[in-house]
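Let's take a walk through the side-chain contacts of this protein, starting with charged pairs and moving on to rings and nonpolar cores. Have the structure open beside you as you read.

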Amino acid sequence: MRIITTNILASLAVWALAAGCGEGIVEIDQSAYEPKIVIEGFIFPHQPVRNIRLTRNIPLNTEIDVSTVVLSDAQVAIVDESGRRYPLSLNPITFAFDDFGTDLEIENGKSYTLEVSAIVDDVALHARATTTVPAGPVRIDRNAPKLAPLLYRERDQNGELKRFEIAFERAPGSSFFALALKALNADTTTFIYDNAFEEFTGEDVLEDLDDFRNRFSWIQDQPLAPGQSIMEIFWFDLWFYSDYQAVLYAGDRNFKDFLTTADQVQEIDGNFHEPVLHIEGDGIGVFASATADTVHFAVKKPQ
């Protein structure tokens, strides 16, 4: 299922936070600006290529003209291992680039390259990125006992806190797995105000509704050989009496490196480093692939 429930691609912001052993200081002026193609794209095996978002970066202290942010005139194509090119076209409804043809088939274990050319600030820019699709599917065990509905922070007969767990068969050759959770009935009336962590008002919930509704976590360095792994779903990620959708992704190298480094750019000593972006040329962002599976579970309100 092709769903990204948490917007891990919203920005490449650098957070100038005080670190335990030092404080990072970044000085940026207009001379540091270089026009770039910003890429946000994911492909999935046996699904059409959709929603490849191409925008541009903006200089600091510049009023944003939304009509010029999307690179609607970009030349975009997917190139397969044989060198065959499949042009993508702008979808006027989503303002993203899609493959409207019928010949391109995304297959497990194959590599695909995104090539983009665009004019930004009268400068001709070119960017390319290659992703290798995971070799096989990831499969969630839907019959696992720890996916049955639970009351909020329900305890067993020994007083131990129960928990949800997702047991799954690993995608061959994949060691990184991300889990995106979405509360399907999220609003101020279903929020768990009597939670175990922090007090919130209805205004707080409305202000940060997307953050409460959409949560994600990951595990890495799993065995590359076939077999079963388990991901625990923590209670601090469940904020609503609700049905939940859980999408498990087995991601490629690009998927892993972007997710784990895009918002972790400061060392403990305060110094900064760039996120790991596998994009050549005049581009930033992510072009990645993953295989995914979806399951549902529910958190019930005590009577």
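In this predicted model, the count of salt bridges comes to 14.

| Arg56 | Asp121 | 3.0 Å |

Take the salt bridge between Arg56 and Asp121. Arg56 sits in strand S4 (residues 53-56), while Asp121 belongs to the loop between strand S8 (111-120) and strand S9 (123-132), so this pair ties together parts that are 65 residues apart in sequence. Arg56 is buried, at 14% relative accessible area, whereas Asp121 is partly exposed at 40%.

Lys146 is found in the loop between strand S10 (139-140) and strand S11 (150-151), and Glu165 in strand S12, 19 residues apart. Glu165 is buried, with a relative accessible area of 13%; Lys146 is partly exposed at 38%, and Arg163 is partly exposed at 35%. Elsewhere, salt bridges link Arg85, Glu115, Arg128 and Glu280 in a network.

Now for the rings. Searching the whole structure gives 23 aromatic pairs. One of them joins Phe42 and Phe255 edge-to-face, with 5.6 Å centre to centre and 70° between the planes. Because Phe42 lies in strand S3 (residues 37-43) and Phe255 in helix H4 (residues 253-261), the pair ties together parts that are 213 residues apart in sequence. Both Phe42 and Phe255 are buried.

Phe216 and Trp218 make a stacked pair, 6.0 Å centre to centre with 20° between the planes. Phe216 is partly exposed at 33% relative accessibility, and Trp218 is partly exposed with a relative accessible area of 33%.

Ring pairs also build a cluster, whose members include Phe191, Phe212, Trp239 and Phe240. Phe240 leads us on to the nonpolar cores. In soluble globular proteins, nonpolar side chains tend to be buried together. The largest nonpolar core here has 35 residues, and Ile166, Phe168, Leu238, Phe240, Phe297 and Val299 touch the most other members. Among the elements giving two or more residues to this core are strand S12 (164-169), helix H3 (209-213) and strand S18 (283-300). Leaving aside residues up to four places away in sequence, Phe240 touches Phe191, Phe212 and Val299, among others. A second, separate core holds 26 residues, including Ile52, Leu88, Leu104 and Ala127.

How values were computed. Residues are numbered from 1 along each chain as its sequence is written. This is a predicted model: local features need pLDDT of at least 70, side-chain atom pairs count only at pLDDT 80 or more; totals for chains, interfaces and linings use all residues. Side-chain values use heavy atoms; hydrogens and water are left out. Rings of Phe, Tyr and Trp (its six-membered ring) pair if their centres lie within 6.5 Å; planes under 30 degrees apart count as stacked, over 60 as edge-to-face and the rest as tilted. Helices (H or I, at least four residues) and strands (E, at least two) are DSSP runs, numbered from the N terminus. Buried means under 20% relative accessible area, exposed over 50%, partly exposed in between (1.4 Å probe, protein chains only). A nonpolar core is a set of buried Ala, Val, Leu, Ile, Met, Phe, Trp, Tyr and Cys residues joined through side-chain atoms within 4.5 Å. Contact means heavy atoms within 4.5 Å. A salt bridge is a side-chain nitrogen of Lys or Arg within 4 Å of a carboxyl oxygen of Asp or Glu.
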